[in-house]
Amino acid sequence: MAEMDTSSGGGHKKGPGVKKSKKLSTRVDLTPMVDLGFLLITFFIFTTTMSQPTAMKLYLPKDADKPEDQNKAKQSGVITILLGKDDNVFYYEGILDNTASNFKSSTFKEIRNVLLDKKSRTPEKDLVVVLKPSEECTYKNVVDILDEMAINVLKRYALVDITKDETQLVKLSEAANAAAPAK
Amino acid sequence: MGRAKLPRKSTNIDMTAMCDVAFLLLSFFILTTKFKPAEAIAVTTPSSVAAKVAETKDVVLITIDKDGKVFLSMDDESKKEVIANTLNTTKNLNLNVQAFKKAGFFGAPFSGLSAFLAIPEEARKGNSLPGIPSLDSTHNEIKEWMSLVLSAYAGQKANIQLKGDNASKYPAFKSVIDAFKKNDILKFQMITNPESVPTGTDLWKLGMKGEKRAE
C-alpha cells in the first residue's frame, strides 16, 4: 500500500563477485496507522463538550418604598404562580378569594398550557405574571419558571415575596396531594 | 497480431499523506482543547433557553452551592487588591493582601477571612468552608461584599453573575437578590447550561421567523 522510494542511487550495477544481499522491503503499510489516527480524532471530537455556559439576564425592579409608587396591575390580567417543594406548582388568576376556590395545582409540564391559555384570553398590555417562590422550592424551579417566561414570550413578570396565607395554602395543598395522589 | 497490451496499473495508494493529515488534525484538536479547570465548589447549574454566551471578562461571580452556602469570586486582581486594602483599613482584618489577590474565591465571614486566607489554595474546598453569611437579613455580608465590589469597580462595568446549584433552596437565592437590590444592582446574569427551545412554543416561532430575541 504505502510505498517509499528506496531505490536510491539509481541502481548501480554491483561489481562482479560482490554477493547480492537479500533486500528487505522498507515499505510499511500505513493503513492501520491512519485508522488509529482517525479513531482518536473521532474520540476527541465526541468527548469534547462544546457547551459554554450561557447567561440568562434578569432585571430586578427597584424596591418601591411608598405604596403609591408601586406598579399597578389590572386584576383581570394577573396570574400568580406559586412554587412549592418537590417541583409542585400552584397558580391562581386575579386575586385569591377567601375560600381559595381559584387556587389550582399544576406541574411544570402543565404550567405552559395554563400560561398560554391565560395569554390568549388577556390583552397583552394587561397581562402580568407574578412569581412567588416559597421557601421550600429550589433554585432550579426558579430558573425553570423564569425560562418558561422566556419560552412563552411573556414580557411582564415579577418575582414577589410569598405571603403567609399563601405559604399556608401551598403547605395544605401539598399535604392534600400527598395524602391522595392524583390518578 | 496481438492486441496492444494495456499497462497494468497498481491499485496501491500511498497512505502516507492521509496519515499525515490524520495526525495533524489529531494534534490540532488535542492542543486546542481547553480542559475545564477543577472547581473547588461543586455546582450543577440548571439549564435554560438563553442563548447568550456568558461574559468571561470583568466577572464578579456569586456561587450558591447545594447547601445554600454563598461564595464570591472575581477575576481582576487589581480590584481584589483595592478590596483587601479597604477591608484592612475599615475593619482591621489584617488580611494578607497578596494571598487575597491570589485567592480564587472567598467563602468565609469577614471575621474568619484571614484564617481562610491562611489555608493553602488547594485545600480550600467548598464543602468544608462556611461560606459568606447571607441568610440573616440583619447581617447579610453579601451586601457588604457587593458594595465593596462596586466601589472597587467605581463606575467601570462589572459583569455580575450568579451561579446557583439546582438543589439550592430559594431563600439563599433571595438573600443574594436582596443584597443586589440594596446596592442598586438591578441587572445581573444567571449562569445556566444551554438548552434548545421546545418546538411549537411562541419563542420557537419567533426564532423561526428570524426575529432576534430580546435578551
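**Figure 1. Strand pairing between chain A and chain B around A:Met56.** In this predicted model, A:Met56 stands opposite B:Met190, a residue of strand 5 of chain B. The strands concerned are strand 1 of chain A and strand 5 (residues 187-194) of chain B, which pair in the antiparallel sense over six bridges. Helices (H or I, at least four residues) and strands (E, at least two) are DSSP runs, numbered from the N terminus, and two strands pair if DSSP finds at least two bridges between them. Residues are numbered from 1 along each chain as its sequence is written, while chains are lettered from A and ligands numbered from 1 in the order in which they are written. Because the model is predicted, local features need pLDDT of at least 70 and side-chain atom pairs count only at pLDDT 80 or more, whereas totals for chains, interfaces and linings use all residues.

**Figure 2. The side of chain A that touches chain B.** Contact joins 41 residues of chain A to 54 residues of chain B; two residues are in contact if their C-beta atoms, placed from the backbone, lie within 7 Å. Helix 1 (31-47), strand 1 (54-59) and helix 3 (139-151) of chain A are the elements that give two or more residues to this side. Helix 1 of chain A supplies the largest share, nine residues. By residue class, this side of chain A divides into 24 nonpolar, nine polar and eight charged residues. Here Ala, Val, Leu, Ile, Met, Phe, Trp, Tyr, Cys and Pro count as nonpolar, Asp, Glu, Lys and Arg as charged, and the others, Gly among them, as polar.

**Figure 3. The open sheet of chain A.** Five strands of chain A form an open sheet with mixed pairing, in the order 4-3-2-5-6. Strand 4 (104-106) and strand 6 (157-159) of chain A are the edge strands, each pairing on one side only. On average, neighbouring strands of this sheet are turned by 25° against each other, direction ignored. Axes are lines fitted to C-alpha atoms, for helices over the stretch in contact, and angles run from 0 to 180 degrees between N-to-C directions. Strand 3 (residues 89-93) and strand 4 of chain A pair in the antiparallel sense over three bridges, and A:Phe90 stands opposite A:Ser105 of strand 4 of chain A. Helix 2 (residues 111-121) of chain A lies across strand 2 (78-83), strand 3 and strand 4 of chain A, and runs at about 15° to strand 3 of chain A.

**Figure 4. Strand 5 of chain A and its parallel partners.** Strand 5 (residues 128-133) of chain A is mostly covered, with five of its six residues buried. A residue is buried if 20 or more other C-beta atoms lie within 10 Å of its own, exposed if 12 or fewer, and partly exposed in between, with C-beta atoms placed from the backbone. Strand 2 and strand 5 of chain A run parallel and are joined by six bridges; A:Val78 stands opposite A:Val128 in strand 5 of chain A. Three bridges pair strand 5 with strand 6 of chain A, also in the parallel sense, and A:Leu131 stands opposite A:Leu159 in strand 6 of chain A. Strand 5, helix 3 and strand 6 of chain A make a right-handed β-α-β unit. A crossover is right-handed if, with the strands pointing away from the viewer, the path from the first strand over the helix to the second runs clockwise.

**Figure 5. The surroundings of A:Ile81.** A:Ile81 has its place in strand 2 of chain A. This residue is buried, because 21 other C-beta atoms lie within 10 Å. Not counting residues up to four places away in sequence, A:Ile81 touches A:Val89, A:Tyr91, A:Ile111, A:Val129, A:Leu131, A:Lys132 and A:Ile145. The C-alpha atoms of A:Ile81 and A:Ile111, 30 residues apart along the chain, are separated by 8.9 Å.

**Figure 6. Nonpolar cores.** The largest nonpolar core has 65 residues, and those with the most contacts inside it are A:Ile81, A:Val142, B:Val70 and B:Val176. A nonpolar core is a set of buried Ala, Val, Leu, Ile, Met, Phe, Trp, Tyr and Cys residues joined through C-beta atoms within 7 Å. Helix 3 of chain A gives the most to this core, with seven residues. Leaving aside neighbours within four places in sequence, B:Val176 is in contact with B:Ile62, B:Ile64, B:Val70, B:Ser134, B:Ile142 and B:Leu162.
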